[in-house]
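The sequence and the structure come next.

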Amino acid sequence: MEPDLDYPAISDLAARARRRIPRFAWEFLDSATGEETTKRRSADALDGIIFRTGVLKGSMETDLSTTFMDRDYPMPVGIAPVGMSGLMWPDAERRLARVGAELRIPYAMSCVSSRTPEHVADVLGEQGWFQLYPTRDTGIRRDILDRAKAAGFHTLILTVDVPVASRRERQRRARLTNPPKLTPSIIWQAATRPVWALGILRTGYPRLRLMDEYARSLASGPSPGESRSSTDHIGYLLRTAPDFEYLAGTMAEWNGPVVVKGVLNGDEAAAARDAGAAAVWVSNHGGRQFDAAPASADALPEIRAAVGPDYPLIFDSGVRSGLDVLRAIALGADFVFLGRAWHYGLAALGVAGARHVAHIL
């Protein structure tokens, strides 16, 4: 196998990934919400950005390295947080954390991963970012942040664009629960993907291990591991809709760089900057939350104008190639994260596939 010939694009890795993982896992990874117009709009907006190419410039040296938030990186690209990452490929969190450390790029772990921060602590290196969905109970928040910091994560991502759950119709049609309920259909889908299934048997059934631990502290509610709708699981039930007071409390408890993720308006980006956020992450959540949201690429120039030329901006949503990374940077981003792409690579070819994604970019 020659990855650069057999899988020259991330879309090629996605096609192979779809053949190697059960349908319910694919629907969780690839789907958006509603008619998926925001997901398509995000890609189309990037496709609409074209460049005037220069000529007669002589030979050029290529240097993709960058300094971002006082850290040096070989390229302006990171691994975005993805919930239930281990559903897409066994032990995905630990595998992707290793890749991030190896490539010296950020690996962002979600608080609704299928592993806990402690599980990846020894492979993070210096590349650990941790993503938090705002928890209603500030005691739970404090404990999660303490654990993430102790595990070696240095930058916190506060995701603010999920005040309520979205419907995610493709996941519902796939009968996906969280954790997946062992129905005859789910068992059959797993059985027809033996490499995935054997890996899951070795690493354990994917579930929200971190959130399940805190479910025990609720007086009434689901028991840990109880199967619920994929958009009504324990992670959602512990959440609250944050405000600027919540942001201030989070920053005080973390005592380190806090990135506000899910911003699409210039005035809100400027307000987050003024509140002390280390960076703003321009994102429509990959089209997974609101099907009438603007493309991140359409929102980015307004946000850059609002926060000024030097404030750190991160971008995601719709990115499928190195060219899309270039487009985002041309529009005003300093750094670009991808979520689905790394999981396509991992599900397609294992760790080698994740490395290949970096090579493609």
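Q: How should I read a contact, and what does Glu36 touch?
A: Contact means that heavy atoms lie within 4.5 Å. Leaving aside neighbours within four places in sequence, Glu36 is in contact with Ser31, Arg170 and Asp291. Before we go on, note that this is a predicted model, in which local features need pLDDT of at least 70 and side-chain atom pairs count only at pLDDT 80 or more, while totals for chains, interfaces and linings use all residues. Residues are numbered from 1 along each chain as its sequence is written, and side-chain values use heavy atoms, with hydrogens and water left out.

Q: Where does Glu36 lie, and is Glu36 buried or exposed?
A: Helices (H or I, at least four residues) and strands (E, at least two) are DSSP runs, numbered from the N terminus. Glu36 has its place in the loop between H3 and H4. A residue is buried when its relative accessible area is under 20%, exposed when it is over 50%, and partly exposed in between (1.4 Å probe, protein chains only). Glu36 counts as buried because its relative accessibility is 12%.

Q: Which residues does Pro22 touch, and where is Pro22 placed?
A: Pro22 is in the loop between H2 and H3, and its relative accessible area of 1% makes it buried. Not counting residues up to four places away in sequence, Pro22 touches Gln189, Ala190, Arg193 and Trp196.

Q: What surrounds Ala80?
A: Ala80 sits in the loop between strand S3 (77–79) and helix H5 (85–88), and at 6% relative accessibility Ala80 counts as buried. With residues up to four places away in sequence not counted, Ala80 touches Ala108, Trp281, Phe337, Leu338 and Gly339.

Q: How far apart are Tyr246 and Pro134 in sequence and in space?
A: Tyr246, which lies in helix H14 (residues 244–254), is 112 residues from Pro134 in sequence and 8.2 Å from Pro134 in space, C-alpha to C-alpha. Pro134 is also one of the residues that Tyr246 touches, together with Thr135, Arg141, Leu158 and Thr240, when residues up to four places away in sequence are not counted. Tyr246 counts as buried, at 10% relative accessibility.

Q: What describes the packing of two helices, and at what angle do H6 and H18 pack?
A: Two packed helices are described by the angle between their axes and the distance between the axes. The axes are lines fitted to C-alpha atoms, for helices over the stretch in contact, and angles run from 0 to 180 degrees between N-to-C directions. Helix H6 (residues 92–103) and helix H18 (residues 340–349) pack at an angle of about 105°, and their axes are 11 Å apart. Angles under 35 degrees count as roughly parallel, over 145 as roughly antiparallel, 65 to 115 as roughly perpendicular and the rest as oblique. H6 and H18 are therefore roughly perpendicular to each other. Ala92, Arg95 and Leu96 of H6 make the contact with Trp342, His343 and Leu346 of H18.

Q: How many residues of H18 are buried, and what follows H18?
A: H18 is mostly covered, with 10 of its 10 residues buried. After H18 comes Gly350, whose phi is positive, near 70°.

Q: What is a pocket, and which residues are closest to the centre of the largest pocket?
A: On a 1 Å grid over the protein atoms alone, a pocket is an open set of points with protein on both sides within 12 Å along at least five of seven lines, whereas a cavity is a set of points where a 1.4 Å probe fits but cannot get out; lining residues have an atom within 4 Å of a point. Grid points are joined across faces, edges and corners, and a volume is the space filled by probe spheres set on the points. The largest pocket holds about 880 Å³ of space. It is lined by 43 residues, of which Leu29, Gly286, Arg288, Gly339 and Arg340 are closest to its centre. Among the elements that give two or more residues to this lining are strand S12 (335–338) and H18.

Q: How many cavities of 30 Å³ or more does the structure hold?
A: The structure holds 3 cavities of 30 Å³ or more. About 50 Å³ of space lies in the second largest cavity, and its lining includes Gly86, Asp91, Ser114 and Tyr205.
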